[in-house]
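Trainee: Could you go through this model with me before I set anything up?
Mentor: Gladly; let us have it on the screen.
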Amino acid sequence: MPWILDLCSGLGGASQAFEDDPIWSVVRVENNPILSGVASTRLWDVLEWMDWLPGLIDEKGVPDLGWASPPCLDFSTAFEAPRARAHRADPLAEYEPDMSIVEACIDIFQYIIERSDGDGFFWIIENVHGACQYFLPELGKHRQKLGPFYLWGVFPTILLPAGWTHSKADPLRPNRRALIPLEVSESLLDAISTQSTLADWI
């Protein structure tokens, strides 16, 4: 059975189509316990990959595809991100992001390539535009850009459906992010429905 190794998997979006496909097997690696309920997630640390990857390959064989989405916060140019804050504090100082997780993902994929015996292994590292200059020495120029997602690695060209746009370009994105949870609305309805007014007691 072919399988995908999804590193820094978060909510598992990158591997969701594979999770839904009965032909594929998925292993998601995430170190945030809050995300332990996401299907096929194992609470492992990519920085400690030698503790779990050799055994995983012994168990499942070499993966057919690897995906990694290292946290983008260090590379983001958003106003409150560390990079922007550092630049405001000292515009002349050279900013140095933490590359440890990115380097661990590269090491993981290199290890898999060495274990694959030339069988072919596709791999992708995804991040934001702000990562490009920092990834260049290790990964070169990104291979493909899909909306706000920049992809490095060895993989076939990804063709998205015509007219596809990411939610970041969605004019309703702020509204979707501010959507009041259903539970709040249901609780409000309950509170209103059971509320006694002064008129009820007169």
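Trainee: Does C8 count as buried or exposed?
Mentor: C8 counts as buried, at 17% relative accessibility, where buried means under 20% relative accessible area, exposed over 50% and partly exposed in between, with a 1.4 Å probe and protein chains only. Bear in mind that this is a predicted model, in which local features need pLDDT of at least 70 and side-chain atom pairs count only at pLDDT 80 or more, while totals for chains, interfaces and linings use all residues. Residues are numbered from 1 along each chain as its sequence is written, and side-chain values use heavy atoms, with hydrogens and water left out.
Trainee: Where is C8 found, then?
Mentor: C8 lies in the loop between β1 and α1 (16-20), with helices (H or I, at least four residues) and strands (E, at least two) taken as DSSP runs numbered from the N terminus. Its phi is near 50°, a positive value in a residue other than glycine.
Trainee: Switching topic, which elements do the buried residues of α4 pack against?
Mentor: They pack against β1 (3-7), α2 (53-60), β4 (65-68), β5 (122-127) and α5 (132-139), with contact meaning heavy atoms within 4.5 Å. Among those buried residues are C105, F109 and Y111.
Trainee: What comes just after α4?
Mentor: Just after α4, D117 takes a positive phi of about 55°.
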